[in-house]
Amino acid sequence: MFRDRDSAERAYQSLSSRGYSKDDVNVLMSDDTRKTHFGDDSAHTELGDKAMEGAGVGSAIGGTAGAIIGAIAAIGTSVALPGLGLVIAGPLAAALAGAGAGGLTGGLVGALVGSGIPEEHAAEYEKGIKEGGIVMGVKPRNEEDARYFEEEFRRHNGDKIYKY
């Protein structure tokens, strides 16, 4: 979890430097955080583009779980969830689509637990997102990458860094 855009951008670049693309990286934040850090007046970056991908469909998504799931499936890897006030980009968004409406019944914590994150960590991430944090995660291809990302995330002011 990162508390500001600069820290998140630097961590994202560490992923990119190892050959990971935006489609490999999960990014979760509140819609308010997206507007604050990645709005129309912000600098154009790859992470910013990822945050904005989901935002573009936000107004088109209805408030029902069925409409949300349909929209997730339609756009693939990024989605804004107006009912939850979230922007989710990356493989987690696609996993939620695969889970159907049941994937959202537990809210963000339920979705994170369903993706393999322990409940106590999922609750920490949800709290951090509500407080303006940016949660970023990736499935490392090997142990060397895992160690590298852990070090880089810490170096770039990451908090609540866990390996699963």
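Reply: Start with the terms for helices and strands. Both are DSSP runs, numbered from the N terminus: a helix is H or I with at least four residues, a strand is E with at least two. By that rule, L28 is in strand β1. This is a predicted model, so local features need pLDDT of at least 70, side-chain atom pairs count only at pLDDT 80 or more, and totals for chains, interfaces and linings use all residues. Residues are numbered from 1 along each chain as its sequence is written, and side-chain values use heavy atoms, with hydrogens and water left out.

Me: How many helices and strands does the protein have?

Reply: Eight helices and four strands. Along the sequence, the pattern reads α-β-α-α-α-β-β-α-α-α-β-α.

Me: Is L28 buried or exposed?

Reply: First, the cut-offs. Buried means under 20% relative accessible area, exposed means over 50%, and partly exposed is in between (1.4 Å probe, protein chains only). L28 has 4% relative accessibility, so L28 counts as buried. For the protein, 46% of the 164 residues count as buried.

Me: Which residues of α1 are buried?

Reply: The general idea comes first. An α-helix has 3.6 residues a turn, so residues three or four places apart point the same way. In α1, the buried residues are R5, S7, A8, E9, A11, Y12, S14 and L15.

Me: What should I look for at the two ends of α1?

Reply: At the start, look for a polar contact. That is a pair of N or O atoms within 3.5 Å; within protein, one must be able to donate a hydrogen and the other to accept it, and residues adjacent in sequence count only if both atoms are side-chain atoms. Here a side-chain oxygen of D4 comes to within 3.1 Å of the backbone nitrogen of D6. Just after α1, check the phi of G19: it is positive, about 90°.

Me: Which residues other than glycine have a positive phi?

Reply: N157 is one of them, with phi near 65°. K160 is another, with phi near 60°. K160 is partly exposed, because its relative accessibility is 30%.

Me: How many salt bridges are there?

Reply: Side chains of opposite charge can pair when their charged atoms come close. The test is a side-chain nitrogen of Lys or Arg within 4 Å of a carboxyl oxygen of Asp or Glu. The whole structure has 14 salt bridges.

Me: What does the salt bridge of R3 tie together?

Reply: R3 pairs with D159, with the closest N and O atoms 3.9 Å apart. R3 lies in the segment before α1 and D159 in the segment after α8 (143–155), so the pair ties together parts 156 residues apart in sequence. R3 is partly exposed at 39%. D159 is partly exposed at 31%.

Me: Which partner does R18 have?

Reply: D145, with the closest N and O atoms 2.8 Å apart. R18 is in the loop between α1 and β1 (25–30) and D145 is in helix α8, so this pair ties together parts 127 residues apart in sequence. R18 is partly exposed at 27%, whereas D145 is buried at 7%.

Me: What about K127?

Reply: K127 forms a salt bridge with E131, the closest N and O atoms being 2.8 Å apart. K127 is exposed at 52%. E131 is partly exposed at 49%. Elsewhere, salt bridges that share partners join E143, R147, E150, R154 and K163 into one network.
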